[in-house]
Structures are given as C-alpha cells and as structure tokens.
Amino acid sequence: MSLIKQLWIAVAVVTALAFGGNLIIGTLSARHYLEQQLYLKNLDNATSLALSMSQLPKDPVTVELQVAAQFDSGHYRLIRLIDPAGALLVEREFAGVRGRAPDWFVSLIPIVAPAATAQVQDGWRQFGTLTLESHSHFAHEALWAASVRLFAWFLVGALLAGGVGTLVIRHVTRPLARVVEQAQAIGERRFLTMPEPGTTEFSRVVRAMNTLSERVRNLLADESLRLEHLRRATQHDELTGLFNRGQWLNQLDAALGRDDAHAGGAVALVRVANLATLNQQLGRADADGMLLELARCLEGLAAAQPERCAGRMNGSDFALLAPGGGDPGALAAELAAALETALEKWGERARLQVPVGIGAYHPAEPRAHVLARADGALAAAEQVGGNATRVAQPTDAVPAHADLAEWRRSIEHALDAEGVQLECYPVVSTDGGVLHQEAPMRLHLSGAWRRAGYFMPWATRLGLMARLDTAVAREALARIGRDGVDIGINLSPESLREVGFQSDLLALLRTHPDERRRLWIEVPEYGVVRHPAEFRALYAALKPLGCRLGIEHVGLQFSHIGELHTLGLDYLKVDAAMIRGIDVDTGNQSFVRGLCVIAHAIGLTVIAEGVASEAELGMLAQLGVDGLTGPVVAAVE
Amino acid sequence: MMRDRPRPLSEIAHVMRCGWASTRAAAVIALCWLAIGWVLAQTGHDLDRMERLAAERYDARAVETVAAWRELIDDAATLSEPEQLVRVNSFFNRRIRFADDIDIWNVPDYWATPLETMGIGAGDCEDFTIAKYVTLRLLGVPNERLRLIYVRAQLGGAQSTLSQAHMVLGYYPDPTDEPLVLDNLIDEIRPASQRPDLFPVFSFNSDGLWVGGASAPAAVATARLSRWRDVLQRMREEGL
C-alpha cells in the first residue's frame with residue numbers, strides 16, 4: 001500500500017476517533033443531564049401534587065380530577081395513588097405513540113429517570129402514597145435531535161479534516177514522487193541528478209543519490225577520455241592523425257563483414273607518387289606540411305558521410321574507406337575535386353603527382369581481393385601520370401535493378417508479399433549461455449532470400465527503413481511468442497528520425513506485453529552520435545516497457561556518446577574493428593578492457609562483435625567481455 | 001399552591017447543543033460521582049465515626065451526649081416500639097435546648113443533622129424531629145410508620161389566633177390509624193386527636209429517595225438543593 005494511502009487512512013482514523021468520541025461523550029453527558037433533570041422534576045412534581053391534594057377535599061371525584069388535571073396538562077408516563085393498605089385509588093398511565101426518536105436510538109441510549117413518591121395526608125391520617133413518573137420520550141426526542149445535529153457537525157468536521165488532511169499529505173509527499181522517480185531511474189541504470197526538495201529527509205536522500213549520479217558521471221567522463229587518448233595513441237598515425245595501417249585494415253575487415261545499409265562500398269587509395277623528390281624540392285618540414293594538408297582533406301571527406309574512415313598506409317600512401325552503396329565514379333569525382341582544392345598552392349612550388357585508385361567491393365568479399373582491385377586501379381592511374389583517377393569495379397558488378405524506382409517497387413512488393421525473414425545468429429555469454437539470437441533481416445528479392453547488405457543501401461536511400469524496421473520488430477515478437485527465445489533486432493538510424501516510427505513501434509510493443517521482455521533492441525553507435533535527441537527520446541519511451549536496450553558497433557566514437565549514464569542502457573556491442581586481431585593487438589586490448597570497466601561500473605553487459613578465432617575468444621574473456629558473437633560462435637554452434 | 005412547573009425540555013436540550021464543551025463538564029461530573037461514591041462507601045452506620053467527629057468538632061459535653069445517645073440506641077434496641085418512642089422522645093426533649101435557627105446558625109432556617117443538634121445542644125422544631133426520626137429508624141422502626149409532619153401550632157389556648165409554623169414527628173402504629181405525636185413542646189406522647197392545638201398540613205419521610213431499594217440515596221449533584229435531601233446527605237457523611 002502506498003505511503004499516501006496509509007497516511008490518508010491514519011488521518012481518517014484519527015478524525016473518526018476524535019469526532020466520534022466527541023459525539024458519544026456529548027450524547028452520554030447530555031443523557032446524564034436529562035436523567036437528572038427528569039428525576040428532579042418527578043420529585044418536585046410529586047411533592048407539589050401531594051401537597052395540594054393534602055389540602056383539598058378527599059372525595060373520589062376531587063381526587064381523581066386532581067390527578068387527571070396534573071396528568072393531562074403535563075408530560076407524564078404514570079401518576080398513581082394507592083391508599084395505606086395498598087389498594088389502588090387512582091391511576092393514569094400514558095399509552096400513546098412514540099416520539100420521533102427511532103426505536104434503535106431509544107433502546108441504544110435509554111433514559112432512566114426513577115419515579116418519585118410523596119405522601120398525601122388527610123388531616124392526621126394517611127390518605128395515600130403518590131407515585132409519579134415523567135415520560136422520557138420528550139427527552140428522547142430532544143436527545144435525538146441534538147445527536148442528529150451533532151452528527152451532522154461531525155460529518156462536516158470529518159470531511160473538512162479529511163480534505164485538509166489530504167491537501168497536507170499531498171503537499172508533504174509531493175517531493176516523494178520525485179525521489180521515488182530518481183531512485184527508480186538509478187535502478188534502471190539512469191544516473192540522473194535532481195533539484196533537492198525542501199523536506200529535510202527527502203533532501204538528504206536526493207543529495208545522496210545526486211552524489212552517486214555525479215560520481216558515476218565523473219567516472220565515465222574521465223574513463224572515456226582516457227580511453228579515447230589510449231585509442232588515438234595506438235590506432236592513429238603520429239604525423240597525420242589518420243588511422244594507421246593496422247587499424248584501417250581492421251576497419252576494412254569490419255566493413256566487408258557488414259550486413260546493413262553500409263554493406264558494400266568502395267576503397268580509394270591515394271599515393272603521393274614522388275614523395276622523395278618533393279622532400280628535396282620543398283624541404284622535409286614543408287613536405288610534412290603538404291602531407292598534413294592531404295590528410296585533412298581526406299579527413300574532411302571521411303567526416304562527410306557516416307562510417308567512412310581515412311588512414312595512412314605508409315609514408316606516401318593514403319586510403320579512404322567509403323562503405324555503403326553508391327556510385328564509385330561519384331566518389332572518384334568528389335575525391336579529385338577535394339584534392340585539387342587542397343593541393344592547389346603546393347602545385348605552384350613543386351610538381352605534384354597524386355594518382356588515385358578506387359576499387360569498389362561487394363559485401364563479404366575477401367580483403368585481399370578488394371585491396372588488389374584498388375591497387376590495380378592505382379597502378380593504372382599512376383601509369384597515366386599526374387593526378388589521374390581510375391576506378392575498378394568488381395568483375396561481377398551487375399546491378400540487380402536498373403534504377404531507384406525499380407528498387408522501390410521490388411522492395412515494397414517483397415515486403416507485402418513475403419514479409420521479412422529473420423536469420424538468427426546466437427550471441428553467447430562467455431560462460432556459455434545464450435544471451436539472445438541476433439536477427440538481421442532477409443527480404444525475398446529477385447527470386448531468392450537476400451541478405452541485408454543486398455538491399456539496405458537502396459532501402460536507406462528510398463526512405464523505406466522505418467517500414468522495414470517495423471516489420472522486423474513484428475516478426476521478432478512473433479518469433480519470440482512462437483519459440484520462446486530472446487531475439488535482438490537492429491534499428492537503423494534513419495528510422496530514429498522517421499516521423500511516426502516511434503509511435504508505431506510503441507503501439508506494437510504494447511500489444512505484446514510478454515514477448516517484449518525478451519526483445520533486445522539496438523541502434524548503431526554512429527546513429528546515437530548523429531541523432532542524440534531522437535535516440536534519447538526513443539529509449540526513454542522504450543525503457544518502461546521492459547525491452548533490453550543496447551548500442552551496437554561501439555568503438556571509434558564511444559567518447560562522443562554523451563551522458564551514457566543517463567540512458568538506462570542494458571548492453572554495448574563492441575565493433576568488430578576493435579575486436580579483429582585482439583589477441584595480438586595490445587592497443588585494442590587496452591581499449592576493450594577500459595570499455596568493460598566503464599560499462600560494468602554502471603551495470604552494462606559488454607558483447608564483442610565479429611569474433612573470428614578461438615584466440616580472440618580467449619583474450620576477450622580475459623579482458624572482461626561478457627558476451628560474444630561472430631563466426632567463431634556460429635562455428636561452435 | 002406551590003407546585004413547580006416542569007422544567008422545559010428545550011432548556012435541557014440547550015445543554016446538548018454545546019456538546020463539545022460539555023465533554024469537560026461530563027468528565028468533572030464523572031469525577032464528582034466517583035468522589036461521592038467513595039464517601040458513601042466509607043460511611044453507612046458508623047457511629048464510632050460520629051463520636052470521633054463530635055470529639056473533633058465540639059466540646060466534652062457534646063461527646064458525652066453522643067455517647068449517651070449511643071447507649072440509648074444499644075439499650076432500647078430490644079424494647080417494644082412504644083417504649084422506644086418514649087425513650088427517644090424524652091432523650092432529646094431533655095438534652096436539647098430549644099433555640100431558633102437565627103440564634104444558633106445565624107440563618108433564618110437551617111436543618112441540622114443529629115450530630116450538629118447534639119453537638120451544639122440546641123435546635124429548633126425541625127432539628128428535634130429529624131433527630132428523633134433518625135434515632136427511631138436506627139432502632140428499627142419501619143419508615144412507613146414514621147412521618148415528619150408540618151403542622152400549624154395554635155399558641156396560647158383554644159381561643160388564641162396566634163399560630164406558628166411547627167414540625168412534629170408522627171408515629172403510625174397502623175397505616176390507617178391516627179398517629180402518636182412526638183413534639184418538643186410537650187414531653188408527653190399523645191395521640192393526634194388529643195392535640196387540638198396542632199393542625200397538620202403536609203407530611204413526608206425518606207420514602208422514594210432511596211431509589212430501587214438501594215441503601216444509599218440517589219446521590220446527585222442537585223440533591224443539596226432540597227433541604228431534606230441535603231440534611232440526609234450530610235447525615236450520611238457524618239456516619240449515619
């Protein structure tokens with residue numbers, strides 16, 4: 001029972017006791033007073049009647065008349081005269097109707113006023129004994145009327161006290177609601193701070209919780225900053241700040257393994273062909289300055305699209321990874337234009353040769369093939385000389401559909417006719433249990449069930465992701481209901497921004513109160529960083545429904561996820577680029593270990609994506625990772 | 001005619017309107033009841049207490065009178081009622097001097113208890129009558145045979161027009177008989193018919209004050225408003 005209800009009952013009981021007690025005592029003391037007065041009236045009237053009878057003639061008519069006169073003009077129950085021998089002389093008794101007081105009241109609160117006696121004298125002789133008793137129903141009527149009035153006052157008073165009490169309770173407990181809210185939020189791993197309420201006790205509690213939240217916030221801020229420094233130190237080139245070769249290749253591996261809107265894409269290699277000559281012509285410092293300028297230019301291109309990244313492969317070679325569908329020719333033009341602007345002023349001082357080779361790739365192609373294709377293109381460009389650009393397409397590069405309109409028709413048709421299919425990959429905890437089944441979607445296109453990488457780049461460009469994500473959520477809930485397993489689904493960042501998606505999703509989840517507790521929902525890190533407000537709003541709405549909430553592909557931008565401790569997350573999935581080769585890469589080991597410390601501090605589960613080997617698996621367990629997914633898990637299964 | 005009009009009930013109900021305030025009054029009344037109940041429980045027929053009180057309040061002669069009175073009660077207990085009447089009548093007529101209330105008590109009218117009467121050694125007609133009535137009751141004479149009777153006494157012979165309010169004790173050997181009159185004006189106990197100087201007006205005894213046959217009178221706060229009930233109650237407190 002809630003505190004407010006208990007306090008209200010206490011107020012009601014106290015009020016009832018106070019007013020009810022007063023009612024009872026008031027009625028009883030009034031009854032006592034009435035009884036006394038009635039008894040005195042009996043005594044006095046008996047005496048005065050006896051006195052007057054003693055003086056008057058004693059013939060039966062006169063005696064009877066006197067008794068009758070007294071009885072009829074007064075309020076008596078009984079007047080009786082008996083002679084000294086005990087014989088009845090006159091008697092008058094009231095046998096009339098009751099008064100207005102109800103029977104139960106009369107029997108509950110009887111008024112007992114004893115009869116009085118007096119002696120009637122006939123000269124020296126005794127004439128008789130007079131017994132007189134007043135009727136109590138007048139007293140009862142008065143008592144009843146007074147009790148009813150008192151009860152009315154009691155009701156008014158009790159209602160007033162109850163009303164005032166309720167207001168006071170509401171005032172006193174208003175800060176309590178906020179305290180409870182904060183405590184609940186902390187229970188859900190959302191470390192919020194609140195303004196301190198005025199009530200001393202509540203304010204102490206809130207201050208304690210605020211201190212806790214503040215400490216968590218500071219810890220996370222410090223740790224993620226440290227982690228970012230560490231990551232930069234081990235993954236980035238010293239001079240240019242771009243990824244070093246090792247990490248860039250990791251990113252490429254992760255990109256090739258992707259099965260979402262950014263599956264497929266292109267790799268651009270940029271070479272400063274005559275770096276040795278430039279060093280002589282410009283001097284080493286200026287040559288470094290030129291390289292730095294080139295790096296800024298590539299960085300700018302990388303930042304222009306999500307998921308792109310730039311790296312320095314060796315002294316003279318740079319690389320740009322551009323995942324996601326799209327025309328490699330367009331990338332080539334973009335790159336050429338950017339380079340021309342950046343290197344314009346250097347061209348006046350030295351003869352620059354910066355050939356560019358671009359190799360497009362399909363999802364899941366081997367890395368070596370992709371790199372070889374890009375290298376081939378670069379070699380072709382170098383042959384041309386100058387700042388030439390060459391593009392190499394994969395040999396089987398035949399687009400499935402001719403244009404966007406055809407993609408739209410085909411995807412919508414597939415969605416309506418066959419719906420989505422979920423392919424399950426188990427996510428296991430390091431101690432062996434299955435956490436959930438990660439379920440990327442499949443669509444029936446061009447006569448076969450196609451992986452997400454096949455159609456998602458197009459679906460994203462067509463703005464169909466919200467529809468697809470809703471279909472996936474519906475299918476996942478159905479699967480949970482059917483198989484009783486936990487299922488994890490990915491929401492695309494585009495859906496976050498889609499008007500109506502959130503309400504559709506919430507409405508869907510509300511109709512599945514049992515299934516939604518087994519649903520794990522995740523959004524990629526770049527989506528969180530790019531649309532923080534939408535992400536925050538969606539998760540705040542999802543949290544009370546009991547779904548598990550997480551972020552996937554956590555890695556490069558982890559330190560940009562602001563206020564991680566206020567989101568109420570349940571888990572993080574670490575990007576495959578951070579996991580690849582972790583058994584030997586000490587830099588990434590430190591990163592993952594630090595990430596685990598932070599996540600565990602606020603109660604999050606850490607899951608590693610794309611674990612490919614037993615060696616990686618063993619290392620991850622040592623680093624404190626809670627769960628795994630990837631080829632090695634699929635193989636074990 | 002001196003009949004009281006009954007107290008109007010509307011006035012009674014008025015008290016209840018102030019129900020809240022009466023809570024305290026009720027508590028006070030309840031305390032008074034307890035106190036009175038305790039006092040009554042301490043009393044009953046405690047003649048030792050009367051003697052002790054006489055010694056505390058009055059002089060040696062008073063103590064001697066009360067002692068003699070106790071002796072009388074012990075002695076006369078076994079006698080017949082007519083003999084008891086004679087003994088009691090002459091005891092008080094001889095021992096107690098007649099005096100008006102204004103001289104003894106400084107008030108126009110005062111009903112004294114037997115202890116006060118014996119202690120001071122003086123009293124007026126009511127005091128004599130009360131003392132005799134109480135003593136006879138102590139000796140076991142039934143209440144219905146005794147009446148305190150207001151009489152008009154004609155002074156100075158049959159032709160005199162001078163009369164005075166007076167009180168005597170009447171003894172009815174049988175309810176339908178004429179009474180014997182115990183009077184402080186003359187020592188002899190005569191039948192009423194032989195007292196042409198007295199004209200009865202009204203009589204009473206303590207019947208009806210003892211509610212439901214209880215030995216204690218209905219002790220309520222208002223009892224002292226009546227002289228008769230007041231003196232009865234004071235007697236109780238003094239050990240009777």
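The following legends describe close-up views of a predicted model.

View 1. Chain B, with 240 residues, of which 44% are buried, has a secondary structure of nine helices and seven strands. Of the contacts in chain B with a separation of 6 or more, 58% are between residues 24 or more positions apart, and the accessible surface of this chain is about 11900 Å², with carbon and sulfur atoms contributing 55%. In chain A, the domain assignment gives domain 1 (3-160), domain 2 (241-392) and domain 3 (404-636), and the centres of domain 1 and domain 3, taken over C-alpha atoms, are separated by 88 Å.

View 2. The side chain of N93(B) makes a polar contact of 3.1 Å with the side chain of D187(B). Setting aside residues up to four places away in sequence, N93(B) also touches F128(B), K132(B), D183(B), N184(B) and I186(B), besides D187(B) itself.

View 3. Q235(A) lies in the helix of residues 200-235 and is buried, with a relative accessible area of 1%. A polar contact of 2.5 Å connects its side chain with that of N588(A). With neighbours within four places in sequence left out, the residues in contact with Q235(A) include L242(A), F243(A), N244(A) and Q247(A), as well as L556(A), M578(A) and N588(A).

**View 4. Salt bridge between R271(A) and D317(A).** The closest N and O atoms of this salt bridge are 2.9 Å apart. The pair links distant parts of the chain, with R271(A) in strand β5 (residues 265-271) and D317(A) in strand β7 (residues 317-323), 46 residues apart. R271(A) is partly exposed at a relative accessible area of 22%, whereas D317(A) is buried at 12%.

**View 5. Two salt bridges of chain B.** E64(B) and R95(B) form a salt bridge in which the closest N and O atoms are 2.9 Å apart; this pair joins helix α4 (residues 60-76) to helix α5 across 31 residues of sequence. E64(B) is partly exposed at 40% relative accessibility, and R95(B) is also partly exposed, at 34%. In the second salt bridge, the side chains of R227(B) and D109(B) meet at 3.7 Å, N to O, and the partners, 118 residues apart, are located in helix α9 (residues 227-237) and in the loop between α6 (101-104) and α7 (114-120), respectively. R227(B) is partly exposed with a relative accessible area of 42%, as is D109(B) with 28%.

**View 6. Salt-bridge network in chain A.** R408(A), E412(A), D416(A) and R467(A) are linked in a network of salt bridges, while a search of the whole structure finds 42 salt bridges over all chains.

**View 7. Nonpolar surface patch around V13(A).** M1(A), I9(A), V13(A) and L17(A) form a nonpolar patch on the surface that has about 440 Å² of accessible area together. V13(A) is placed in helix α1 (residues 3-55) of chain A and counts as partly exposed, at 44% relative accessibility.

**View 8. P532(A) and N279(A).** P532(A) is in helix α17 (residues 532-542) of chain A and is partly exposed, with a relative accessible area of 44%. P532(A) and N279(A) are 253 residues apart in sequence, and their C-alpha atoms are 45 Å apart in space.

Key
Residues numbered from 1 in each chain as written. Chains lettered and ligands numbered in written order. Predicted model: local features only at pLDDT ≥ 70, side-chain atom pairs only at ≥ 80, totals over all residues. Heavy atoms only, no water. Polar contact = N/O pair within 3.5 Å; in protein donor to acceptor, adjacent residues only side chain to side chain. Contact = heavy atoms within 4.5 Å. Patch = residues over 30% accessible without salt bridge, like charges linked within 9 Å, V, L, I, M, F, W, Y side chains within 5 Å. Areas by Shrake-Rupley, 256 points an atom, 1.4 Å probe, with all protein chains shown as cover. Salt bridge = Lys/Arg side-chain N within 4 Å of Asp/Glu carboxyl O. Helix = DSSP H or I, 4+ residues; strand = E, 2+ residues; numbered from the N terminus. Buried < 20%, exposed > 50% of the residue type's maximum accessible area, 1.4 Å probe, protein only. Domains from an automatic or database assignment.
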